[in-house]
Amino acid sequence: MYLVRDVFQTKPEKAKDLVKLFKEVNKFIPKEGVGKTWIMTDVVSNYWTVIQEIEIESLGVWEKMSGFTSKPEVREILKDYMTLVEGGHREIFKIEE
């Protein structure tokens, strides 16, 4: 099992807007090979931080999801999301059970 964490630093006061977009996009995440998903915002961190996490069974599942944001319905939701974001990074962890 793996955990994929996308960390976004939004522009001031835009975190709630990014959270709203991610909630819409999460409806389209494939169910096969994908476990829990979370959207988190900072409590004590850099201001306006939004984190999207998903559990996946394997890195093969992650590879299959590579075209996910190209789906027309997802692309439409995310078309302007970069106007909300200043930067970010991705982390992928192996869950040691």
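**Exercise 1.** State how strand 1 and strand 4 pair, and over how many bridges.

*Solution.* Start with the elements: strands (E, at least two residues) are DSSP runs numbered from the N terminus. Strand 4 covers residues 85-94 and pairs with strand 1 in the antiparallel sense over nine bridges. Two strands count as paired if DSSP finds at least two bridges between them. Within this pairing, L3 stands opposite F93 of strand 4. Next, take strand 3: eight bridges join strand 1 to strand 3, again antiparallel. There, Q9 has T49 as its bridge partner.

The model is predicted: local features need pLDDT of at least 70 and side-chain atom pairs pLDDT 80 or more, while totals for chains, interfaces and linings use all residues. Residues are numbered from 1 along each chain as its sequence is written, and side-chain values use heavy atoms, without hydrogens and water.

**Exercise 2.** Find which residue forms a salt bridge with D6, and which parts of the chain the pair ties together.

*Solution.* Apply the criterion: a side-chain nitrogen of Lys or Arg within 4 Å of a carboxyl oxygen of Asp or Glu. R90 meets it with D6, the closest N and O atoms being 2.6 Å apart. R90 lies in strand 4 and D6 in strand 1, so the pair ties together parts 84 residues apart in sequence. Then check accessibility: D6 is buried at 14% relative accessible area (buried is under 20%, exposed over 50%, partly exposed in between; 1.4 Å probe, protein chains only).

**Exercise 3.** Identify the network of salt bridges that includes R5.

*Solution.* R5 and E91 meet at 3.0 Å, N to O. R5 is partly exposed at 23% relative accessibility. The network links R5, E53 and E91.

Terms used:
Helices (H or I, at least four residues) and strands (E, at least two) are DSSP runs, numbered from the N terminus.
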